[in-house]
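User: Hi! Could you walk me through this model with some questions and answers?

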Amino acid sequence: MAAELFTKDESPAGLAAQRIHDCLCEEILAGELAPGTRLGEVALAKRFDVSRGPIRAALKMLAETGVVTVVPHSGARVREMSYDDARALYQVREALEAQAASLAAASASPEAVAQLRAVLAGHSRDVAAHPTGAYLQGGTDRDFHNIIARMAGNAIIQRYLTKELYPQLALLRVRHTHVTGRGVSALREHERIVEAIAAGDSEVAGLLMRRHIQNSWASLEAQLKSDDA
């Protein structure tokens with residue numbers, strides 16, 4: 001089992017900061033705190049009934065995750081994603097997820113492959129119910145990619161994907177919830193990736209994942225440009 005990359009702060013202040021971080025992150029990624037919303041320390045300290053120390057620590061953690069921006073002398077706000085931000089995220093995602101799929105294929109167990117197939121069975125039912133709708137709402141797409149990130153067996157790749165990249169992607173989707181038409185094709189892409197992993201074909205698994213992320217970006221990019229037109 002991979003060693004922990006970072007040590008958690010188990011002090012009362014550290015635990016309070018983690019609790020506040022988790023609550024605010026959930027609200028941000030659910031769209032309850034809109035992009036650009038100011039996160040004032042005084043108001044948050046009153047809301048959570050704590051001093052400003054845990055609030056500052058929680059906001060720092062959120063900034064490190066990439067869902068909050070902290071501007072000196074201005075304070076913290078929920079991050080607003082630009083087109084360039086989105087493009088950069090997908091460029092990094094393509095590289096990391098292609099490598100994760102390749103590593104997963106090299107060491108996939110029958111149990112892990114069975115888990116992936118079970119996830120896809122749930123996706124298939126969702127897509128069948130809304131074949132022209134938005135691409136796998138409710139976080140199920142991230143569940144699929146999370147499994148592959150874990151299967152890769154590389155703690156650094158897993159951390160970058162699950163702790164930093166995926167929360168930022170979720171924040172991006174809060175703004176662009178109406179991207180449609182990707183359900184059926186994305187499901188087929190997922191299925192081909194799983195078959196390559198099951199066959200232990202690292203090269204094909206990595207290539208298929210790279211194409212999958214490129215197709216996902218093409219769909220989102222079209223929506224971004226449409227929204228800005």
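User: Is Tyr 90 buried or exposed?

Analyst: A word on the source: this is a predicted model, where local features need pLDDT of at least 70, side-chain atom pairs count only at pLDDT 80 or more, and totals for chains, interfaces and linings use all residues. Residues are numbered from 1 along each chain as its sequence is written, and side-chain values use heavy atoms, with hydrogens and water left out. Buried means under 20% relative accessible area, exposed over 50%, and partly exposed in between (1.4 Å probe, protein chains only). Tyr 90 has a relative accessible area of 4%, so this residue is buried.

User: How are the rings of Tyr 90 and Trp 217 arranged?

Analyst: Rings of Phe, Tyr and Trp (its six-membered ring) pair if their centres lie within 6.5 Å; planes under 30 degrees apart count as stacked, over 60 as edge-to-face and the rest as tilted. Trp 217 is buried, with a relative accessible area of 13%. Its ring centre is 5.3 Å from that of Tyr 90 and the planes meet at 40°, so the pair is tilted.

User: Which helices hold Tyr 90 and Trp 217?

Analyst: Helices (H or I, at least four residues) and strands (E, at least two) are DSSP runs, numbered from the N terminus. The two residues are 127 apart in the chain, so their pair links distant parts: Tyr 90 is in helix H4 and Trp 217 in helix H9.

User: How many aromatic pairs are there, and which residues make up the cluster?

Analyst: The count comes to 2 aromatic pairs. One of them joins Tyr 83 and Trp 217, tilted at 50° between the planes and 5.8 Å centre to centre.

User: What does Ile 148 touch?

Analyst: Contact means heavy atoms within 4.5 Å. Setting aside residues up to four places away in sequence, Ile 148 touches Ala 100, Ala 101, Ala 104, Leu 116, Ile 193, Ile 197 and Met 209.

User: Why do the buried residues of H2 line one face of the helix?

Analyst: In helix H2 (residues 41-48), the buried residues are Leu 44, Ala 45 and Phe 48. The arc is that of the directions from the helix axis to the C-beta atoms. Viewed down the axis of H2, the buried residues line one face because they fall within an arc of 100°.

User: What do the buried residues of H2 pack against, and which exposed residues are on the face turned away?

Analyst: The buried residues of H2 pack against helix H1 (12-29), strand S1 (38-39) and helix H3 (52-65). The face turned away from the buried side carries exposed Val 42, Ala 43 and Lys 46.

User: How many disulfides are found?

Analyst: A disulfide is a pair of cysteine sulfur atoms within 2.5 Å. Cys 23 is partly exposed at 25% relative accessibility, and Cys 25 is buried at 12%. Across the whole structure, the number of disulfides found is 0.
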